[in-house]
Structures are given as C-alpha cells and as structure tokens.
Amino acid sequence: MSGKDQSVVSKEALMSTKSGKQIIKQGLFKSQGFKLFNKYKEEAENEFPNFAERFTDDLLREIKTDSSPNTTQQKFAKEVGSTEIILQESQIDGIKSKLEDREVLKDRVLRILNSNFVKMTFPVFNALYDAAAEFSGTNDPQMRQNMVDGHIIAIDLSEPMDRIVDKDEDLDYLDDYKLMNPYILKLARDKISKGGEEVLKEFEDGFKDARLGQYIDTKLKTKPLTITEEEMNQCYKKYRAVMGTAGRNMALAKRPLGEIFYLGMARAAECVGCGNEIEDTIKNKFVKIPSWPLYYSLLANDVKKGFELTMEKSNLYLSDARLALELLPDKFSHKEFLEFLFLTVEHYNQFWYNRLQKANIWSTLYENLPK
C-alpha cells in the first residue's frame, strides 16, 4: 500500500493481523494478486511526479487565463453551498499574483497531494481502467490518463476543502487553497468529460451526492445525541459516491463492469471510512462526531462495545465489496488484484482496531463523549 503512514504495512504490522499474515504469505509465494498489486503500486509511484507536474501546469494555466477570478469564486461558493471556502474580493489579486509563480503553486499542489486517499487510490484506478479496457478490447492510453487524472484531481479537491473547514493543518496556506479550489474542479471536469456525456453525468451525480453526504456530516455535528442509523447511511454517501463513481467511470460507465466496479469500490470505501474513524480516535483521544463508533457507543452506553460493533459494521461493508467479485465475468484478468486490494483494506481496519485496544483509552473516550 502506498500512503503517508508506512507503519501500517511494516512486517511487524502485517504480522499483527490475520489478513496481514495472508498478505505476507501471498508476497512470499508471489501470487497473481500480489504481483499485479505490486506492479500498479510501482507504476503509480513512478508516475506520481509526472502527474504532479501536469496538475501544476494545468492549474497554472487556469489561474493565469481567468479574467474574472471573483466571479469564479462566487460560482464555486454557490455550487458547493458555502461562502466559508472562498476568498473576499479584496484578497484575490494578492493571492492570485503569488500563485502565478509556478514554484509556489507546485508547493501547494504537492501539499494537497500528500494524502493517503490520493496515494492509495492512484494504483487502483489504473488497474480498474486496464481491466475494463482489456474486457472491452480497447486500448487508449490518453483516455486512461484523462480518466485516472480527472478522478484523482476530483478526489484531491476534498483535501484543501477539508483543511479550510477543519482548520487543523496548513493554516498558512488556506487562502491559497481557496483560490485554487474552483480551478481544481474545472480541471477534473475537463478531463472526465473526455469520456463522453454519460461518464461526465456519472461524475456530476457522484459529486452532488458527495456534497450531500458532507452537508449531512456537518449538520450532525450539532446534534450528536440524536443521530439515527439512516442519517449515518446518508453521511457515508461522501465515501461511496466518490469511490463508487470513480470505479464506474474507469469502465467508462458501461455495464456490467461499471456497475460491478461501483459496488466494489463504494463498499470498500465505506469499510475504510470505519477504519479512518478508529485511526482518528487514537490520534485525537475522542470519538469523532459523527461516526459509527459514536452512534453505537451512545446507544450501548459503552465505548468499547461501540468500537466492537464498528468493526462488525466494517466487515459487513467489506462482505458487500467482496460480493462484487462474484459478479465479475469468467476469467476476468484483474480479479486477483481486487481480492488482494480488499485484503489490504481488511488489514488496515484490523491494524487500527488492535492499536486502539492496546492504547486502552476507553475511560478517556467515555468521558469525552457528547453529553
């Protein structure tokens, strides 16, 4: 796995979970899943600097050629339903002038690309696109680059937006991100639209659903004691809409693969969402609002039980993702890749759950629950 925290995939970490031991075993015996996973991981690591250069150049062109940046900011605020994530008109010229220096802009691009979500997703999209292309008997390297770049850029948009809202990192660069955001979205749209009307429509629908999920997430922060199961499912749209839609579009929105990829990627993303909530709990020493651990902990009046049930929930999501594998066509070229991918997801969640148990901070977490 490629990510910021390599301790998750150290030999010691892999040996600490059942799925991690299976990963080691597959590595030792050079299984087809391991070989494919490794191939795409290495390709993504080698290609990442080139992607960052393309992203920087395209973004620089958009910023420099925009004759009405204030209008661009206002349109973006209207689309995402928030004025918190845009600049005041008086700030725009100074920030725009600064970001027209390519080295400054590249620094900001690399900061937002330094994300587990981005780094772990790159190889997956390449693999899905190749699998669908092989299945349909097509080969278009430029289309592959447009689809993968477009969806990675769209996913990357969540990084600066989250940092602006959460104000938990990169505080010196938040105004720069505010200027960059509308252009990032435009770049994603431009590249994804190369796949045709249906592919662009799928992206627009997914982007809308992801914003709805994020809106519900924000709304639930104000009423943690009354969160319902249905609201948590709605909140998780932010995970399944982003990854499910990207999966579907790697097959250029064509059935059956597009729908199968949607199911597998959407459910795997929701599974990872549970793992993220556990990881964040260890780092922050409180249960995230909203989250499945919070929902279950409050109902059971027992934090430890809340996290046990969250792991059960994550396994249900993963079982659903694995159902997608049963729907793949016979002799599908990348089935073993996806099986291995889901094994890494299972290990990720189990690793952080084990860490939480070892931390033994249950009483602190209980004290910090919303009252």
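Author: A nonpolar core is a set of buried Ala, Val, Leu, Ile, Met, Phe, Trp, Tyr and Cys residues joined through side-chain atoms within 4.5 Å. In this predicted model, the largest such core has 117 residues. Those with the most contacts inside the core are Phe55, Leu59, Met180, Phe261, Phe307 and Leu338. In soluble globular proteins, nonpolar side chains tend to be buried together.

Leucine 59 touches Leu105, Val109, Met180, Tyr183, Ile184 and Leu187, leaving aside residues up to four places away in sequence. Met180 is also touched by arginine 108, a residue of helix α6, which covers residues 102-113.

Arginine 108 is the part to look at closely. Its relative accessibility is 9%, and because buried means under 20%, arginine 108 counts as buried. With the same exclusion of residues up to four places away in sequence, arginine 108 touches Lys98, Leu99, Tyr173, Asp176 and Tyr177 as well as Met180. The side chain of arginine 108 also makes a polar contact, at 2.5 Å, with the side chain of aspartate 107.

Now the whole chain. Its secondary structure comes to 18 helices and zero strands. Of the 371 residues, 53% count as buried. Among contacts with a separation of 6 or more, 77% are between residues 24 or more positions apart. The chain has a radius of gyration of 21 Å, which agrees with the value near 21 Å for a compact globule of 371 residues. Along the principal axes, the C-alpha atoms fill a box of roughly 55 × 55 × 35 Å. The chain exposes about 17,300 Å², and carbon and sulfur atoms supply 50% of that area.

Definitions and conventions
Residues numbered from 1 in each chain as written. Predicted model: local features only at pLDDT ≥ 70, side-chain atom pairs only at ≥ 80, totals over all residues. Heavy atoms only, no water. Helix = DSSP H or I, 4+ residues; strand = E, 2+ residues; numbered from the N terminus. Buried < 20%, exposed > 50% of the residue type's maximum accessible area, 1.4 Å probe, protein only. Polar contact = N/O pair within 3.5 Å; in protein donor to acceptor, adjacent residues only side chain to side chain. Contact = heavy atoms within 4.5 Å. Rg over C-alpha atoms; globule rule 2.2 N^0.38 Å. Areas by Shrake-Rupley, 256 points an atom, 1.4 Å probe, with all protein chains shown as cover.
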